[in-house]
Amino acid sequence: MDSDMNGHGNTFRLSQQRSTMMARPVNNNEAYEDGLAVKVRVKTKKPSMYKVLLLNDDFTPMEFVIYVLERVFRKNREEANDIMLKVHEDGVGVAGVYTYEVAETKVDQVMTLARKNEHPLQCTMEREE
Ligand code: TYC
């Protein structure tokens, strides 16, 4: 055996010549038994996803919320308008769904823009089930 598939279409070459005294790659792609490399399955996990939520208030102008949705969440005018109205009517709405650090950055960007413009707009994140 000198190669194997990892289930994702990648071929790994497994060396049978590596002595037990030589440096080994530090990953989970190979296990060693009597100096022989054996392919092992690597468990991967999808990252948790986080909803970034906008909260309604009575003072932030609708146009500012639309601007935030376009600028921070890359929505087009129509999408931004729909999300803004949803928040206005229901009290809360999803601006987008991202991995943890991206969601955190978007929340920071919204809060910074809101503060700079002296609007009480609130933005939070919540893990998606
Ligand atoms: N309710 C606000 C108004 O009537 C508009 C608004 C929408 C504010 C969404 C915040 O997240 C928000 N001007």
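View 1. A ligand nitrogen atom lies 2.9 Å from an N or O atom in the side chain of His88. The protein covers 90% of the 350 Å² of accessible area that the ligand has on its own (Shrake-Rupley method, 1.4 Å probe). In the side chain of Asn56, an N or O atom is 2.7 Å from a nitrogen atom of the ligand. A polar backbone atom of Asp57 is likewise 2.7 Å from a ligand nitrogen atom. This is a predicted model, in which local features need pLDDT of at least 70, side-chain atom pairs count only at pLDDT 80 or more, and totals for chains, interfaces and linings use all residues. Residues are numbered from 1 along each chain as its sequence is written, and side-chain values use heavy atoms, with hydrogens and water left out.

**View 2. The shell around the ligand.** Leu54, Leu55, Asn56, Asp57, Thr60, Met62, Val65, Met84, Val87, His88 and Leu121 surround the ligand (a heavy atom within 4 Å of it). Of these shell residues, seven are nonpolar, three polar and one charged (Ala, Val, Leu, Ile, Met, Phe, Trp, Tyr, Cys and Pro count as nonpolar, Asp, Glu, Lys and Arg as charged, the others, Gly among them, as polar). Helix H2 gives the most to the shell, with three residues.

View 3. Val102 belongs to helix H3, residues 100-116 (helices are DSSP runs of H or I, at least four residues, numbered from the N terminus). Val102 is partly exposed because its relative accessible area is 37%, between the limits of 20% for buried and 50% for exposed (1.4 Å probe, protein chains only). Its C-alpha atom is 8.9 Å from that of Tyr50, 52 residues away along the chain.

Definitions and conventions:
Helix = DSSP H or I, 4+ residues; strand = E, 2+ residues; numbered from the N terminus. Polar contact = N/O pair within 3.5 Å; in protein donor to acceptor, adjacent residues only side chain to side chain.
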